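Biologist: Hi, could you walk me through this one? I have a handful of quick questions.

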Amino acid sequence: MLAGAAFTRGQTPEGGVIVITGPTGRKMPLAVPPLLAPGVAALQSKVSEPFTAALRADLDYSSAFVVTDAKNDPSGTRDVSTADAAGRWLSTGAEILVDTRGDVAGDRVSVEARVWDLKSRKPIFARRYSGGVSFVERIAHTLANDILKELTGQAGSFLSTILFVSDRDGGRNKELYAMDFDGRNPRRLTNHHSLILNPDARAGKIVFTSYAKRYPQVWTMNADGSGQRELSTGLELNASPALSPDGTQIAFSGSAKGNPDIYVMNASGGGLRRLTSTRALEASPDWSPTGRQILYTSDQTGSPQIWVMDAEGTGARRMTFAGNWNDEASWSPKGDRIAFACRNEGDFNICVMDFATGHTVQLTSEGSNDHPSWSPDGTKIVYQSRRGGTAYQIYTMDATDGKNKRQLTEGGSNMQPVWMP
Amino acid sequence: MKRNSTRAMAVIFALAAALSFASACKKKPPTTTSESKPTTEAPTRPGETQVTQPTTRTPDNVQTEEIPADLAKLNQMGYLQDAFYDYNKADLRDDARTALSANADWLKKHPSTQFLIEGHCDDRGTTEYNLALGDRRANAAREYLTSLGVDGSRIRTVSYGKERPFCTEETESCWQQNRRAHFLFTAR
């Protein structure tokens, strides 16, 4: 299918971690000319332009494709069934043509998409979409997801949402926000006038830590922000809540008498049980996609390191050995890799480890980078980054090689991103 | 090695501060000093904070002294000293024990007061880990106070991790200021 990755790899002096320095695997070149909508010239700026811009941005953003500069039809036709016409597209560097044609009736738009393999001159797929004119970008995101699914076997994340906390609305408070996968349409979900941290989302639920009642408590709500409720535990610290994949359990960092351990409670509250019982500090739990294991941070060996245990709290074993601080582990959607904040000296970076082999790559090298979270399709990682003492901002990058870094936020401190599944 | 020299520096600072404090005493009552407030610009090195407390007063003086009725005012008085910690540690250093001992003396003489111990961290760790670390720091301070006879039911703890810093510079002196247990009266 797509060409395999061809990384240049270098061993770090400290050992244990591979830093990727060279070019990544080849990306499939796509030609994405403008949506043809001859009958609706008056709606060009409302339909064709936003649709094409969104589709091109999505496909270019995916780690599988690169969108070529061929914006107009080099052959004057979208019919690429002849060798001559296909050849003119091929000469622009494209190998795939995404041909879209639209029509508007009232306030509804319909889009017919045909995706062509230019070398074989065979259609890869054809599909029709329709919706309100104001949702034309959403149609583009849906088509982009479908193209990714057809060409790579894995649906895209172009309709997904990222949660984060921010002080953008002023003061020392932090509230919970959501934004589209590309940083657009940021919207506020809470109004606690307090400190909110550690959001997580699964199965239509969101959990987070709030200081609304002075002490850090786990709160739960629906994905749209409705039904907010505090989950009392009787513990002093209730931080880093993580929902189990089925949404029925919450693992979190709880503390009684200054001994932070990993606890689990029912997602509706109650059923509190303690999973770790060391005298050390345990924090930052994250469930495996199967719900049978939990990653967490423990400093029981003298430095914060990633550990894993069964969901019952048994069978704990250490996962990270390189560096003096490894933290905030996040399991990939397939469960085959873990992303975490890694540090030897100086600043944090984002590392990704193959869960089975322990083989680890470091994906960032500038500034301080931490709090990784995977896109639903496992191709991207969202994380927070800052330079020196500046405010945190949220970035995404390709999960395999750290390429394609993009800043999604600006203004205030924007941090603790979590990609909603 | 490095720790020892730092400690020696702290003692020198403490002596210097004590001298200037003594001269300040002649002009105004010690309870009006504000050096120990975390928000002031004055450096609050661990060894220095202890001398900003009115340690020269006799217990009798303290007992007869009226403490402010207003909570906000009470919290501005600097009666309780913050305890400072080493990087990624919640163990009580000697200067932290000295500060907490002075706090215990004061608190036992004002048994109706209730207070919160906030655990704070510098910004070099992760947010989530620091919430747990701040919890350990606040509780280490609480445990020491109760071991000195302060009633534990008067004390609550809260960890802010690195989310409520006292300063934001990327320097060792600022990091040290942010690694602390901070005291806040919640009832008089």
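Modeller: Happy to, and keep in mind that this is a predicted model.

Biologist: Good to know. What ipTM and pTM does the predictor give the complex?

Modeller: The complex gets an ipTM of 0.88 and a pTM of 0.83.

Biologist: And what is the mean pLDDT of chain B?

Modeller: The mean for chain B is 77, with 65% of its residues at 70 or more. Residues 1–62 of chain B have a pLDDT below 50, though that stretch still makes 70 contacts in the model beyond near neighbours in sequence. Where pLDDT is low, the coordinates should not be read in detail.

Biologist: How many helices and strands does chain B have?

Modeller: Seven helices and four strands. Starting at the N terminus, the order in chain B is α-α-α-α-β-α-β-α-β-α-β. Chain B has 188 residues, and 42% of them count as buried. Among contacts in chain B with a separation of 6 or more, 75% link residues 24 or more positions apart.

Biologist: Where are A:Ala203 and A:Lys257?

Modeller: A:Ala203 sits in the loop between β11 and β12 (205–210) of chain A. A:Lys257 is in the loop between β16 and β17 (259–266) of chain A.

Biologist: Why does A:Lys257 count as exposed?

Modeller: Because it has 12 C-beta neighbours inside 10 Å, and 12 or fewer is the cut-off for exposed. A:Ala203 has 13 other C-beta atoms within 10 Å, so it is partly exposed.

Biologist: Nice. Now the sheets: what is the strand order in the five-strand open sheet of chain A?

Modeller: The order is β4-β3-β5-β6-β7 in chain A, with mixed pairing. β4 (65–67) and β7 (122–132) of chain A are at the edges with a single partner strand each, so one side of each has no neighbour in the sheet. On average, neighbouring strands are turned by 25 degrees against each other, direction ignored.

Biologist: Which helix packs on that sheet?

Modeller: Helix α1 (residues 44–61) of chain A, which touches β3, β4, β5 and β6 (108–117) of chain A. The direction of α1 makes about 140 degrees with that of β4(A). Within the sheet, β3(A) and β5(A) run parallel and are joined by two bridges, and A:Leu30 is opposite A:Ile96 in β5(A).

Biologist: And α2(A)? Which of its residues are buried?

Modeller: In α2 of chain A, residues 83–90, the buried ones are A:Ala85, A:Ala86 and A:Trp89. They line one face of the helix, because they fall within an arc of 95 degrees seen down the axis of α2(A). The face turned away carries exposed A:Ala83 and A:Asp84. The cover over the buried residues of α2(A) includes β3 (28–31) and β5 (96–105) of chain A.

Biologist: Last one: what is the pairing in the four-strand open sheet of chain A?

Modeller: Antiparallel, in the order β27-β28-β29-β30. Its edge strands are β27 (368–374) and β30 (406–407) of chain A. Six bridges pair β28 (residues 380–386) with β29 (residues 393–398) of chain A, and A:Ser385 has A:Gln393 in β29(A) as its bridge partner.

How values were computed
Residues numbered from 1 in each chain as written. Chains lettered and ligands numbered in written order. Predicted model: local features only at pLDDT ≥ 70, side-chain atom pairs only at ≥ 80, totals over all residues. Buried ≥ 20, exposed ≤ 12 C-beta atoms within 10 Å, placed from the backbone. Arc of directions from axis to C-beta. Contact = placed C-beta atoms within 7 Å. Pairing = 2+ DSSP bridges. Axes fitted to C-alpha atoms, helices over the stretch in contact; angles between N-to-C directions. pLDDT = per-residue confidence, 0-100.
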